[in-house]
Amino acid sequence: MGSRSRRILAITLLVLAGLLVPVAVVATWTARTVTDTESFVSRVGPVASQPEVQALVSTQLADQVTGAVIDDRVAPRVGEAIDELAAPELVKGLLRDVAASLGGAVEARVQNVADKIVTSPEFQSAFDTALDEAHAELVATLEGDEPQGTVITEGTTVSISLATIAGAVRAELVNSGYTFVDRLPQLEATVPIATVDQLEKWQGYYNLLKVMVWLGPLLVVVLLAAGAWLLRDAAVSALWFAGSGFLALVAVTVGVRAAVGSATSDIADPLAADAARVIVATLTTTLVRNATVVGLLLVIALAAAAYVAARRRLTPTTAS
């Protein structure tokens with residue numbers, strides 16, 4: 001092999017090694033954060049204190065209670081009773097207005113109780129428990145299995161069911177004097193994570209990253225060693241590897257931020273879209289942090305290699 005061909009092959013291997021750096025970073029993050037239950041709960045759990053998630057859960061539960069009690073049970077009976085009255089239509093209209101205002105007062109009170117519950121420490125504990133219970137099925141869904149109940153598809157939106165939270169809110173409403181809640185059907189609380197189309201893409205990425213979690217770092221080391229051996233110049237090898245790796249990491253970081261921004265753009269409900277955006281952003285925070293640390297290390301390697309190469313170029317060679 002000629003020196004030119006050898007150099008081209010060496011640079012190609014070094015650039016490939018650099019391009020695989022972000023793949024290895026993402027694969028390692030996936031193994032440590034997404035597939036590990038404890039890490040997943042510790043990363044996602046703090047979103048329970050985010051206003052977007054609290055607003056979504058409290059609104060869901062309050063709507064279910066008031067809908068079941070007022071709209072489905074009380075309102076029809078009151079309406080029928082008013083219709084049966086032997087009174088002028090004006091009086092009946094006034095009675096309907098009074099009934100509607102009373103229903104609005106009950107709705108506001110239930111919403112206040114729900115808002116109070118989702119800002120309590122007990123809500124955080126229930127949220128963590130719900131995530132712990134949902135995680136195994138979420139991972140199974142990413143691996144291609146059909147959802148079994150915890151991961152729910154509603155229209156085009158994929159959500160995680162938080163049954164533990166619904167139970168805790170139900171108990172708190174009963175303790176607050178709303179004993180009728182105990183006789184209602186099971187309350188449901190869900191937090192969206194993606195659309196169906198996005199979940200299908202994530203399933204493909206997840207299966208690839210499961211392989212790359214061990215293959216990625218191995219390929220980086222092998223390609224880097226082979227390229228450096230062929231080039232026989234440590235400084236120049238470091239320049240090519242660190243430079244390509246840094247640019248690839250920047251591209252991946254920008255891509256992750258863009259994906260977070262658009263991850264929930266197809267979710268119709270604004271409250272659900274805001275909550276999903278917070279959840280995805282929180283989950284990927286450690287990925288961006290890891291990429292930043294690796295990027296800084298590559299910048300240091302790049303600067304050191306550039307310094308060595310420049311100093312060598314400026315140092316005159318001694319004539320023999």
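**Sheet, packing helix and charge–ring contacts**

The model is a predicted one, in which local features require pLDDT of at least 70 and side-chain atom pairs count only at pLDDT 80 or more, whereas totals for chains, interfaces and linings use all residues. Residues are numbered from 1 along each chain as its sequence is written, and side-chain values use heavy atoms, with hydrogens and water left out.

Two strands count as paired if DSSP finds at least two bridges between them, and the resulting open sheet of three strands has the order β1-β2-β3 with antiparallel pairing. Because β1 (151–154) and β3 (190–195) stand at the edges, each with a single partner strand, one side of each is left without a neighbour in the sheet. From one strand to the next the twist averages 35 degrees, angles running from 0 to 180 degrees between the N-to-C directions of axes fitted to C-alpha atoms, for helices over the stretch in contact.

Helix α7 (residues 196–231) packs on the sheet and touches β1, β2 and β3, its direction making about 70 degrees with that of β3; helices are DSSP runs of H or I with at least four residues, and contact means heavy atoms within 4.5 Å. In β3, six of six residues are buried, that is, under 20% relative accessible area with a 1.4 Å probe and protein chains only.

The charged end of R6 sits over the ring of W229 at 5.3 Å from its centre, and that of R232 sits over the ring of W229 at 4.7 Å, the criterion being NZ of Lys or CZ of Arg within 6 Å of the ring centre and within 35 degrees of the ring normal.

Technical notes
Helix = DSSP H or I, 4+ residues; strand = E, 2+ residues; numbered from the N terminus. Buried < 20%, exposed > 50% of the residue type's maximum accessible area, 1.4 Å probe, protein only.
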